[in-house]
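Visitor: I'm new to this structure. Could you show me how to read a strand and then a pair of helices?
Guide: Gladly, let's look together.

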Amino acid sequence: MQIFNSRKTEYKSIVSAIKTDEKVKLRIVVPRAMSCSGARLAVFKDGESTVYYGMFWAGMCGDDYEYWELHFSATTEGLYFYHFEIDTPWGVSYIKNIGGGLGEFNAEGSEFQQTVYSADFTTPDFLKGGIIYQIFPDRFYNSGTPKENVPEGREYRKWGDEPYWKESQMNGIWNNDYFCGDLKGIEEKLPYIKELGVSCIYLNPIFEAHSNHRYDTGEYEKIDALLGTEEDFVSLCKSAKELGIAIVLDGVFSHTGCDSKYFNMYSSYDTVGAYNSKESPYYEWYKFNSFPDDYKSWWGISLLPEIIEETPSYREYICGKNGIVRRWLRTGASGWRLDVADELPDIFLDDLRAAVKAENPDAVIIGEVWEDATNKFAYGQRRKYLLGEELDSVMNYPFADAVLNFVKFGNANAFFDSVMQIIENYPPCVLNVLMNHIGTHDTERAITRLAGENPDGYNRAWQHKHNKLSAYDYLHGVSMMKMASLIQFTLPGVPSIYYGDEVGMQGMKDPFNRACFPWDNINEELLKWYQRLGQIRNGCKAFKEGEFIPLVSDHNSVAYVRSCPENQVLVAVNNSEHTVTLEVGYEWDNSYPIFEFSSSEGKLALPPYRYAVLSK
């Protein structure tokens, strides 16, 4: 008998964050032998004092246990922590969190977390139930369209060659090799993207900058000339919209490039930059320790002078009525992904949300946060990203780790624990729009992480040597990618495909993970698999806002259900070398098997490394 389990509705009626003034029923099960004379909930809002709420006796649970219950609600949003206390003839006993949502008496445990978000908080509908496709613009497709006014000094490469990775190749200028992918190229390939079932494209930075990744913004008001023009961007958004695809931009607002109109270290721009004069209109945006050469930069990288985002003139420039955020929404963008969102202060995020929602209430704001975004502590304070005033969503690295680690190492309990922690802590409206990737421009390719060696702690020379999988490992990697993507596409949130993962692109970390899309060397088997996943996802409403219900956790095998009023879907995966038989329940015997395996007499038999999806 469990004393308390915050992840089961018989103990906690709402297994997620709750709205302000929304009541959640909490129940503990106490052994009669403890002679409990009273029970209470001890809860405190983050940074405040503990408040005690009396619980009432709610009847017997068999002959040896009894229920104690109460309803809890909070009038203000925030992070709340709690445990239970009971009075016995031997003193007070405490019920604390021993992990996995389980409560135990007098154990070395921690507090349980309850997130409370604003009752007015809503997230954009257009992402729910959809699929995101992430594009690194320089490496996706070159339309061959002539470009004008491209800054000098860029090194142009032949499509498909290996990105430069050695200092000797770069002549001292890093990230200066360009393969000339462009916006027109993306527009030409929209039918291909649509065939994957994609409903949203997330573009890495497209504004003028002086590196191929463009995270060193030169000018927020201009499209980088090598990518095209503002007219090209408007055309892309229009064509995408006609296919039901939204475009989300990358907002890099924590720093600029030193070679920018705002800092202007090299006088490349016809402006008075902060580096040029203390009288510059941009001077107050930056922090100089000793003008002009000693200034605060992002992670100590002198090429990226750091912005003081609290500066009123900067906030007006980015978030004002005619600011950058609203300007590009007007041209057709449907939202922003915020680079290093955890380095942006609350006052800036508040302004940015107000600007985005004033321009388009259904535009999305996705933050780059690598941890659980509900309890992230950064820059001396607890962050409030997902309480209703700042972000709509985050890049879901915890889910990525959960999926990839399960497929690679096969620990079912660890998989469910990671998934349930996010489900338990996040507002449901956020959960349904989470950006669920398994690889991005900042990580090694998913197939490499699954079937290759771990590059952590190794330099680029080692990574280059291990960048390509052996023929055997690659075939194994394709099989692992199928399993990982099936799980990715069926978890709560929105699956995000990093361009090329769907055709088997491999590569270690930057720059190996940013190679050109291999249009003449596509893994058709994997591509057809991803297209099929897109069809399955778009055909099942349970994947839009359906409840997630863990069903089986058996060593290397898992089964779970996505459920909504319109339909239910069961997903089962056997990640072991042995055939397993999973007890899934008789209610699945007459369901439709999307793949070859179905249940009989409440049981589902799966051969080694196989999977099933049942729909009803």
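Guide: Keep in mind that this model is predicted. Let's start where Tyr133 stands opposite Ile201 in S14.

Visitor: Which strands does S14 pair with S11 alongside, and in which sense do S11 and S14 run?
Guide: Strand S14 covers residues 200–203, and its pairing with S11 is parallel, over four bridges. S11 also pairs with strand S26 (residues 494–498), in the parallel sense and over three bridges. There, Tyr133 has Ile497 of S26 as its bridge partner.

Visitor: How should I think about the side chains of a strand?
Guide: In a regular strand, side chains alternate between the two faces of the sheet. In S11 (residues 132–135), one side carries Ile132 and Gln134, while Tyr133 and Ile135 lie on the other.

Visitor: Are those faces of S11 covered or open?
Guide: Both are covered, with all four of these residues buried.

Visitor: Now the helices. What describes two that pack together?
Guide: The angle between their axes and the distance between the axes. Here, helix H5 (residues 312–319) packs against helix H7 (residues 346–359) at about 25°, and their axes are 9 Å apart. Angles under 35 degrees count as roughly parallel, so H5 and H7 are roughly parallel to each other. The crossing of H5 past H7 is right-handed.

Visitor: Which residues make the contact?
Guide: H5 contributes Tyr314, Arg315, Ile318 and Cys319, and H7 contributes Ile347, Phe348, Asp351, Leu352 and Ala355.

Visitor: How many residues of the H5 contact with H7 are nonpolar, polar or charged?
Guide: Seven are nonpolar and two are charged, with no polar ones.

Definitions and conventions. Residues numbered from 1 in each chain as written. Predicted model: local features only at pLDDT ≥ 70, side-chain atom pairs only at ≥ 80, totals over all residues. Heavy atoms only, no water. Buried < 20%, exposed > 50% of the residue type's maximum accessible area, 1.4 Å probe, protein only. Helix = DSSP H or I, 4+ residues; strand = E, 2+ residues; numbered from the N terminus. Pairing = 2+ DSSP bridges. Axes fitted to C-alpha atoms, helices over the stretch in contact; angles between N-to-C directions. Parallel < 35°, antiparallel > 145°, perpendicular 65-115°, else oblique. Left-handed = near helix turned anticlockwise from the far one by under 90°. Contact = heavy atoms within 4.5 Å. Nonpolar A, V, L, I, M, F, W, Y, C, P; charged D, E, K, R; others polar.
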